[in-house]
Amino acid sequence: MSDEMLFCPLYSGSSGNSILISYKDTSIIVDAGVSFKKLAEALEKIGFNKKINAILLSHDHYDHVKCAGVYFRKLNVPIITNYKTWESIKNSLGKVDESYVKLIDTGTSFSVGSIGIDTFSIPHDASDPMGFCFYFKDKKVSICTDVGHVNDSVARMIDFSDIILLESNHDVEMLMFGPYPYYLKQRIKSDKGHLSNEQAAQMILRLNLARTRRIYLGHLSEENNHPDVALLTVSSILEQHGVFESYHLSLEIANRYSPSLCSLL
């Protein structure tokens, strides 16, 4: 049994989200926004063949939960989420044995096998959206996407992480001059919408990065962002503040349609 933690964003974006985190005998899929076939293909592509132990859902938006019922029936493992998310989605998932559903309050801590988990509230226009911090040995991995604005409470939760998946959804100019209708642009820009590239950089600047080895920029808009734009914008701001001189960390893009570079700790 490997003593290394494996973290891999399998798919990230409005077309579907799914993330793998695995340590020792415990493996968790975070969010179920792509088909089970795509999930299986991604796991095969990264050479992962261990048993999945739980499905963890962050919030009730379609691109995060649409295949949760299928995952449950294929994997026969518990679904873990909060009460409001479950109430919002349970009638759309097909047949799910609710005795396998573990409901939690946002802000509580629990564990799945060898992995400890903290949950925290994030500002987004969903029923009760959550971010996650995962703990094993002395390591910490944080997932924080679908975030409307930069705030201290979220920054405190993801501080001192070894690995972070952080939203970097849109370039402001691309959004404002892009094809979306006005109401949707306003929703994305709102305090309960999505972080821009600049806001992602500002969030990173709030963090103590002494332990941080890698930051994934995730949930990029296909219409209002581009991987090269996100990387350039965020890295330029961090460079202006001496981040890369002070800390040994890398920036990576969490891919929309294929597994991203996996991290081992």
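The model is predicted, so local features need pLDDT of at least 70 and side-chain atom pairs count only at pLDDT 80 or more, while totals for chains, interfaces and linings use all residues. Residues are numbered from 1 along each chain as its sequence is written, and side-chain values use heavy atoms, with hydrogens and water left out.

The sheets come first. Helices (H or I, at least four residues) and strands (E, at least two) are DSSP runs numbered from the N terminus, and two strands pair if DSSP finds at least two bridges between them. Strand 5 (residues 79-82) runs parallel to strand 6, and four bridges join them. Within this pairing, Asn-82 has Ile-104 of strand 6 as its bridge partner.

Axes here are lines fitted to C-alpha atoms, for helices over the stretch in contact, and angles run from 0 to 180 degrees between N-to-C directions; contact means heavy atoms within 4.5 Å.

Strand 10 (residues 139-144) pairs with strand 11 in the parallel sense over four bridges, and Val-141 stands opposite Ile-163 in strand 11.

Phe-120 gives a view from inside strand 8. Phe-120 is buried, with a relative accessible area of 4%. Its C-alpha atom is separated by 5.4 Å from that of Met-130, a residue 10 places away along the chain. Not counting residues up to four places away in sequence, Phe-120 touches several residues, including Pro-129, Met-130, Phe-132, Ile-143, Val-154, Met-157 and Ile-158.

Charged side chains link other parts of the chain. A salt bridge is a side-chain nitrogen of Lys or Arg within 4 Å of a carboxyl oxygen of Asp or Glu, and by this rule the count comes to four. One of them joins Asp-125 and Arg-187 at 2.6 Å, N to O. Asp-125 lies in the loop between strand 8 (115-121) and strand 9 (130-136), and Arg-187 lies in helix 7 (residues 182-189), 62 residues apart. Asp-125 counts as partly exposed at 31% relative accessibility, as does Arg-187 at 28%.

A salt bridge of 2.4 Å, N to O, connects Arg-206 and Asp-152. Arg-206 is in the loop between helix 8 (197-205) and strand 12 (214-218) and Asp-152 is in helix 5 (residues 152-158), so the pair ties together parts 54 residues apart in sequence. Arg-206 is partly exposed at 42%, and Asp-152 is partly exposed at 46%.

Arg-211 and Asp-162 meet in a salt bridge at 2.7 Å, N to O. Arg-211 lies in the loop between helix 8 and strand 12, and Asp-162 in the loop between helix 5 and strand 11 (163-167), so this pair ties together parts that are 49 residues apart in sequence. Arg-211 counts as partly exposed at 34% relative accessibility, whereas Asp-162 counts as buried at 4%.

Ser-260 sits in the loop between strand 13 and strand 14. With 6% relative accessibility, Ser-260 counts as buried. Its side chain reaches the backbone nitrogen of Asn-255 at 2.8 Å. Leaving aside neighbours within four places in sequence, the contacts of Ser-260 include Cys-8, Pro-9, Tyr-216 and Ile-253.

Key:
Buried < 20%, exposed > 50% of the residue type's maximum accessible area, 1.4 Å probe, protein only. Polar contact = N/O pair within 3.5 Å; in protein donor to acceptor, adjacent residues only side chain to side chain.
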